[in-house]
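Subject: Structure for your review

Dear colleague,

Please find below the structure that I am handing over to you. A summary of the findings follows it.

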Amino acid sequence: MDRQPSVRKFDALDLLTREHDAIKQRFRDYERLIVRRGNGDRKAEIVGDICLLLSIHAQIEDEIFYPAVRYALGWDDVIEHALCEHSGANELIAKLDEMEPGDDDYDATVAVLSAYVIMHMDEEQDDMFPKLRVCGMDTAALGRKMVQRRRVLLDDVSLVGLSQSRSSASP
């Protein structure tokens with residue numbers, strides 16, 4: 001029996017879609033916690049997961065994925081817009097990093113980040129990904145580069161001693 005991983009496991013677009021799904025799930029987890037009036041420690045844990053997942057995801061897109069898209073499709077304006085959206089998300093992540101779960105604007109800031117990021121991810125999946133599928137880009141090779149970079153970034157996180165588990169940071 002062939003034990004080689006499926007091509008889809010390393011396909012860049014499938015990888016990004018799985019990451020999008022994992023991030024959206026953590027936002028849903030947070031929303032459920034709000035409804036149940038969950039405690040601050042649990043809020044902080046989920047927001048920490050969200051922020052780590054988003055930070056790694058955005059860094060991989062910025063360093064590897066978007067340059068490849070720019071090269072394949074010549075979409076300078078689209079990529080610049082996506083990079084600006086990442087910058088806006090990073091600002092919200094930094095704001096959350098300064099806040100405590102009991103702060104008045106904490107839940108609202110998470111909600112704004114959620115709306116902002118989910119809209120961005122949906123745009124990528126609905127507009128960008130289908131065009132990339134038909135342009136002939138080697139998404140398997142690109143995905144392998146992205147997986148390697150993710151491993152390095154996760155190793156860096158564990159080296160600085162953040163309380164993030166690898167299981168929650170990998171989609």
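Twelve salt bridges are present in the structure, which is a predicted model. One of them joins Asp14 to Arg133, with the closest N and O atoms 2.9 Å apart. This pair connects distant parts of the chain, since Asp14 lies in helix H2 (residues 12–35) and Arg133 in helix H5, 119 residues apart. Asp14 counts as buried, at 10% relative accessibility, whereas Arg133 is partly exposed at 45%.

A second bridge pairs Arg42 with Glu45, again with the closest N and O atoms 2.9 Å apart. These two residues are three positions apart in helix H3 (residues 40–73), so about one helical turn separates them. Arg42 is partly exposed, with 32% relative accessibility, and Glu45 is partly exposed with 44%.

Arg70 forms a salt bridge with Asp76, where the closest N and O atoms are 3.6 Å apart.

Asp105 is located in the loop between helix H4 (76–98) and helix H5 (106–134), and it is partly exposed at 46% relative accessibility.

As for the overall fold, the protein has seven helices and zero strands. Of its 171 residues, 42% count as buried. Among contacts with a separation of 6 or more, 73% are between residues 24 or more positions apart. The protein exposes about 9,700 Å², of which carbon and sulfur atoms supply 52%.

Yours sincerely

Key:
Residues numbered from 1 in each chain as written. Predicted model: local features only at pLDDT ≥ 70, side-chain atom pairs only at ≥ 80, totals over all residues. Heavy atoms only, no water. Helix = DSSP H or I, 4+ residues; strand = E, 2+ residues; numbered from the N terminus. Buried < 20%, exposed > 50% of the residue type's maximum accessible area, 1.4 Å probe, protein only. Contact = heavy atoms within 4.5 Å. Areas by Shrake-Rupley, 256 points an atom, 1.4 Å probe, with all protein chains shown as cover. Salt bridge = Lys/Arg side-chain N within 4 Å of Asp/Glu carboxyl O.
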